[in-house]
Amino acid sequence: MSVKLNIVLTAAVVGCALSVVNARYQSRHLLIELERLSQHSRQLEIDWAQLQLDQSTLGKNERIEQIARNSLNMSPLTPARTQYLTEGAK
């Protein structure tokens with residue numbers, strides 16, 4: 001009877017040892033994945049900050065006006081160039 005008990009206990013100890021090894025492997029694998037995702041998250045935050053800076057720079061009125069003047073040959077309106085329409089006029 002004690003031989004059977006020793007075999008059962010040995011099998012239980014081996015099973016527990018294998019589950020500990022498996023748990024440690026999964027833990028290390030998940031930690032590596034967490035570090036990789038954290039690094040990716042930091043890179044995305046840096047990219048987001050750069051995009052916000054670019055958007056604020058590109059959307060400034062001075063830059064838009066400069067592009068309109070130089071690239072599109074536009075000029076600002078003056079009262080002499082403005083035409084006013086009245087209702088019912090022919």
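What radius of gyration does the chain have, and what would a compact globule of 90 residues have? The chain has 36 Å, whereas a compact globule of 90 residues would have a value near 12 Å, where the radius is taken over C-alpha atoms and the globule rule is 2.2 Å times the number of residues to the power 0.38. The model is predicted, so that local features need pLDDT of at least 70 and side-chain atom pairs count only at pLDDT 80 or more, while totals for chains, interfaces and linings use all residues. Residues are numbered from 1 along each chain as its sequence is written, and side-chain values use heavy atoms, with hydrogens and water left out.

The C-alpha trace spans about 115 × 35 × 15 Å along the principal axes of the chain. In secondary structure, the chain has two helices and zero strands, these being DSSP runs numbered from the N terminus (H or I with at least four residues for helices, E with at least two for strands). Helix 1 covers residues 2-58, and helix 2 covers 61-70.

Buried residues make up 1% of the 90 residues, where buried means under 20% relative accessible area, exposed over 50%, and partly exposed in between, with a 1.4 Å probe and protein chains only. The accessible surface of the chain comes to about 9,000 Å², of which 62% belongs to carbon and sulfur atoms; the areas come from the Shrake-Rupley method with a 1.4 Å probe, and for residues only the protein chains shown count as cover.

Side chains of opposite charge can pair when their charged atoms come close. A search of the whole structure finds two salt bridges, each defined as a side-chain nitrogen of Lys or Arg within 4 Å of a carboxyl oxygen of Asp or Glu. E33 pairs with R36, their closest N and O atoms being 2.6 Å apart, and these residues, three apart in helix 1, are separated by about one helical turn. E33 is partly exposed at 30% relative accessibility, as is R36 at 47%. In helix 2, E65 and R69 are four residues apart, again about one helical turn, and their side chains meet at 2.9 Å, N to O.

The segment after helix 2 contains N73, which has a phi near 55°, a positive value in a residue other than glycine, and which is exposed with a relative accessible area of 66%. T78 also has its place in the segment after helix 2, and is partly exposed at 35%.
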